[in-house]
Every structure is written in C-alpha cells, then in structure tokens.
Amino acid sequence: MASPSDQELLASQARLPQHVVHRGFVAETVVLNLRTGKYHGLNSTAGKMLDALEEAPTVGDAVPGLAEEFEVERPQVEGDLIVLCRGLLERGLIEVSSAPPA
Amino acid sequence: MPTQERATLFAAFGLLLEVDPRIDVAGLARPRAGAPDEGAAATPTRVSLDPAELERRWAPVGTTARRMRELRQGDRVALSVDLAESAGYLLQAVGVGRVLISPDGTELLCDPLPESPEWTFILPAQALPLAATLRGLEVFHAAAVVLGPGAVLIAGDPGAGKSSLAAALVRNGAPFLGDDAIALEPGEGGLVAHPSVAALYLRSAEHDRLSSAEREALGSPELSVGKRRYGPETAADAVPFGALFLLERGDRGAPIERIEEVDPFALLAATFNLSVRTPERLTRQLDVIEDLVRTGRVYRLRVLPGLDATRLAEAVERCLAAVAR
C-alpha cells in the first residue's frame, strides 16, 4: 500500500515483517531491521503502541485500549498512532495491508 | 623430508583453537581436561600461518569485498575489516599484517608483515573475537575477573580505566578472565563468560603508579606493543555472569549505583564486533543484551576525582558482597 491516507491507515492491519525483531526494555523498545542492520529506539509510549498494533485487527482497533491505558482522548491517540505508523513505515519496520474481513 | 610439527590445542573466547606451532600468542591457555564436547568448543578453530593460501582465497574476490569496519588514526586507516561472502572476513592492520577469517569462524589464515615481530597480538585483540562472534558467541569490549561465584565485566570508553580496575581486583586475589574482549554465551542457566587470554596490558603511566608490592602481586611484566603486559592467573573455565559495571568519569554522586533503567543502546555499544551484521548475529546480540538487562546486575561505576583503581576495586568488592548477603 503506497502512502495510505489517514483513514486508510486506520482501517489497515499493521504487522511487523519477518525481517524486523523487537525487544522491550524498561524505558525503551529496541526495534531491529535485519535487512538494514539498523537498530531503532522507541520510548515506552511508542513501544506500547507497537505492542497494541501487533495485537489489533486494524490500526484503528488499537485506539480505544491505548486511550484507556494512557488516559487521554481517543482523537489524540489516533493522531499519535498515525504519526508513529508513518514513521515505522518509512523505516520499513511495519507493513500495512487491508484488514481481513471479520 | 621435513616433518611438519603438529598444531597445539588451546582454548580462548569459548573456542577450542588448533594453533600452528609457529604462532606464539602470549597468554593462550591449554584447554582443561574434560572440555565441553558440544557447541562452539566442539569443533576447533584452526589458526595457521599461511600467506599463500590467504592470497589464493582472497585475490579472486577481494575487489568485490564490502568494507565492514574501519578504524582511523588521523587521516589514515589503521585497521579495516572487509567481507567477501565466499572467502570470509579479511582483517588488515597497518604495520602488522592480515588475517583471513573464514565465514563460519572455523579457520584463520595469517599473513604477518616480516617487520612486525609482535604481530600475534592482533589475534586475541581482533581476530579471535571476530571468529568467536561468527561461531555464536557475543563478545563485549570489557575487562573481566571472577569475584565470588560470578564473572564481573568492566566496560567503558577507551582509557576509562578498565584494565587498571581489573588489575586492582586481580591484585586483591580475583582470578582474571580477560583484558579487552570477553565472550559471553547464552546457556540454559543464563549467560556464561569465557576466559580470553592471560594477558593484561597496562599503560606505562599506570604501571609507574603501582607500588613495588602491587607490581609483585601481578607478576613480571613484559614490554609489548608499547604497554606492560602481565600474565595473571586466569580462570580455567567459563564462569556464570555475575555483574556488569559501566565505567564513566564523574565529579559527584555515589561511585556505584545499580542502573534501574538500563539503556540498551549503551550495552549494544559495548559489544565488540561491528563487522558481523548477519541477521542471526544481530538477533543474538539483542537477545544477549536482553539477558544482561534481565539479570538486574548492571551498575554505573563513576570514576570520581581522587578515586584510584585500588579504591574503585574496593568499592566493587563491597558492592558485590552486599548483593550476595
């Protein structure tokens, strides 16, 4: 999917490709792209978002749980999640695809 | 017909080494009786003096090799590592010579420069840690000794005082594990640290600061690569991981504190080999970092003004004694 719109992104399924591994530490999540050999650091909030993205059927489905966990409004989480997804996509750390039918 | 001398077996960095008798590496130890018969130690890594074979393997592929690492001194390259997938990793040290390490780390071909009589230092300093990395171990840029039941690793920037602190701990009776590179291996019971070579290098300034009694406790040094090389008593076996101390300069605060939120990138930066970038190695590197953090025994060790290596060693001993209680 080439540069999806915000709405398309929220309706998509986000997954880590096989060439990406990550490990969670106390204050940071390290994401390793095995193709480039580059390590990337996510702060603990972004790390929790990544965990939620992996579990949720779509990006949008991750929003309610994160809003509850962080005690912030859903639109704010939605916006932050979109920014994170675009950053991860740009670095080849996630792939997005159309969500499978429920 | 000349008879060929048989290679001699040694052990270092978790590897069993079959070393050409013409190669004399200071501080290499013989493998202990009943050495492990599986893992990286099961199949020896052969270390041969064979410039012709090195050239035969490297010449056809050298032009397509990728530069994986380069260390510069001023404008010139002092050390480099190039990778050609079929031949392996070519380590070149200016004024020293070349070592070709096979892709699986089981063979090292050496081509020293005739004008470099001390060339073999490059083996424990660079080539063997690279081979150990290729064979599944994770090597840290650290000095290490054994305190109590565990290996104590001391990492930090060059010149931070790793060797001096290790020397002070050895003077107090701790068996030595290694000076500059320590191989860690994940096992069922957790990480273990393997002895490297019995060679501890002190800068002349540090050597000059030692009292005669302190020098005596370390044994007789030899002058080597511009430093004093001691050959302290070294642990014969792998030792379970005990603690990691990250040395840093400081001007205030407690000398030692346990790091609650370990920065994984600080530990990644302390790993030794940046040349091996295979997916398997990169994943293992991250796994070992995770294992280290999980132990909860990563400490910051501040080198405060007026705190010399002897007092730092006492602080480390007190810290570990308190943890053990």
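This is a predicted model: local features need pLDDT of at least 70, side-chain atom pairs count only at pLDDT 80 or more; totals for chains, interfaces and linings use all residues.
## Overall form of chain B

Chain B contains eight helices and 20 strands. Its C-alpha trace spans about 60 × 50 × 45 Å along the principal axes. A compact globule of 325 residues would have a radius of gyration near 20 Å, and the value of 20 Å for chain B therefore agrees with that expectation.

Of the 325 residues in chain B, 44% count as buried. Among the contacts in chain B with a separation of 6 or more, 68% are between residues 24 or more positions apart.

## Helix 2 of chain B

Helix 2 of chain B comprises 13 residues, 122–134. From its first C-alpha to its last, this helix reaches 17 Å, close to the 18 Å expected at 1.5 Å a residue. Helix 2 is mostly covered, with 13 of its 13 residues buried.

The helix bends by about 35° at B:Leu128, and a proline, B:Pro129, follows within four residues. Just after helix 2 of chain B, B:Gly136 adopts a positive phi of about 100°.

## Contacts with chain A

Between the two chains, 13 residues of chain B are in contact with 12 residues of chain A. On the side of chain B that touches chain A, the elements giving two or more residues are helix 6 (264–269) and helix 7 (279–295) of chain B. Helix 7 of chain B gives the most to this side, with six residues.

By residue class, the side of chain B that touches chain A divides into eight nonpolar, one polar and four charged residues.

Conventions. Residues are numbered from 1 along each chain as its sequence is written. Chains are lettered from A and ligands numbered from 1 in the order in which they are written. Two residues are in contact if their C-beta atoms, placed from the backbone, lie within 7 Å. Ala, Val, Leu, Ile, Met, Phe, Trp, Tyr, Cys and Pro count as nonpolar, Asp, Glu, Lys and Arg as charged, and the others, Gly among them, as polar. The radius of gyration is taken over C-alpha atoms; the globule rule is 2.2 Å times the number of residues to the power 0.38. A residue is buried if 20 or more other C-beta atoms lie within 10 Å of its own, exposed if 12 or fewer, and partly exposed in between; C-beta atoms are placed from the backbone. The expected span of a helix is 1.5 Å times one less than its number of residues. The bend at a residue is the angle between axes fitted to the seven residues ending there and the seven starting there.
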